[in-house]
Amino acid sequence: AFYWLWLSTLHRRGVKMGDRLPSHQVISALMLSDILVLTGMLYISAGIANPFALFYFVNIAVAGAIVSLPWAWAVWATTVAGVFLLLVRSVPMETLSPASLLAAPQDAPIWTIPKVGFLVSFAACSGVITYFITILTGELRERERALQEAEDARLRNRQLEGLATLAAGAAHELASPLSTIAVVASELSRA
């Protein structure tokens, strides 16, 4: 909510969408706070047995893609610390006990709460990762295209420069004989 308010304030001040990308420190702080909140939520809801523990991978993948190397490793270390805490201690839930996580007795319904939770968690995590990776890939392609256009423009400018130099040389070479012919023609017309 605070991040959204900050972006809204920047928008009201006239900062354009492309210009308001926050610094790596702001993004990293948001990601670290997200990991802490996720760890707290998982702590009170069965810990690592909760299917939404997969969201740790989203934070690691996004951090690796958009923040600087030291911040990405800080996000990774915080995630590992959170998983360690959840492995050591968490508040259990009967429906998310390790025994019922993905295995169910024969007479149990096909779709149990842990199975549905895992499916929703997996779909959400993979969707977020796919979204960010496709955005980054698109931006890389756009950057490569812009670099190629700049290189093509530089080559065209170099060719025009060479053509201009050749034309100037040809004009100079033609100007000397033509001025001599003009002087001789002028003298002949007087004579």
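At roughly what angle do the axes of α3 and α4 cross? I looked this up in what is a predicted model, and I found that the two axes come within 8 Å and cross at roughly 170°. Because angles over 145 degrees count as roughly antiparallel, I noted α3 as roughly antiparallel to α4.

I then listed the residues on both sides of this pairing, where Y56, N59, I60, A63 and G64 of α3 meet A72, V75, W76, T79, G82, V83 and L86 of α4. Sorted by class, the contact of α3 with α4 holds eight nonpolar and four polar residues, with no charged ones.

Next I turned to the largest nonpolar core, which has 16 residues, and the members touching the most others are M31, L42, Y56, A63, V67 and V75. The elements that supply two or more residues to this core are α2 (24-43), α3 (55-66) and α4 (69-88), and α2 gives the most, with six.

I followed L42 separately and, leaving aside residues up to four places away in sequence, found that L42 touches G47, N50, F52, A53, Y56 and L86.

For the chain as a whole, I recorded five helices and zero strands, and 20% of the 191 residues count as buried. I also noted an accessible surface of about 13,800 Å², with 71% of that belonging to carbon and sulfur atoms. Finally, I checked how far contacts reach along the chain: among those between residues at least 6 apart in sequence, 69% join residues at least 24 apart.

Conventions: Residues numbered from 1 in each chain as written. Predicted model: local features only at pLDDT ≥ 70, side-chain atom pairs only at ≥ 80, totals over all residues. Heavy atoms only, no water. Core = buried A, V, L, I, M, F, W, Y, C linked by side-chain atoms within 4.5 Å. Buried < 20%, exposed > 50% of the residue type's maximum accessible area, 1.4 Å probe, protein only. Helix = DSSP H or I, 4+ residues; strand = E, 2+ residues; numbered from the N terminus. Contact = heavy atoms within 4.5 Å. Axes fitted to C-alpha atoms, helices over the stretch in contact; angles between N-to-C directions. Parallel < 35°, antiparallel > 145°, perpendicular 65-115°, else oblique. Nonpolar A, V, L, I, M, F, W, Y, C, P; charged D, E, K, R; others polar. Areas by Shrake-Rupley, 256 points an atom, 1.4 Å probe, with all protein chains shown as cover.
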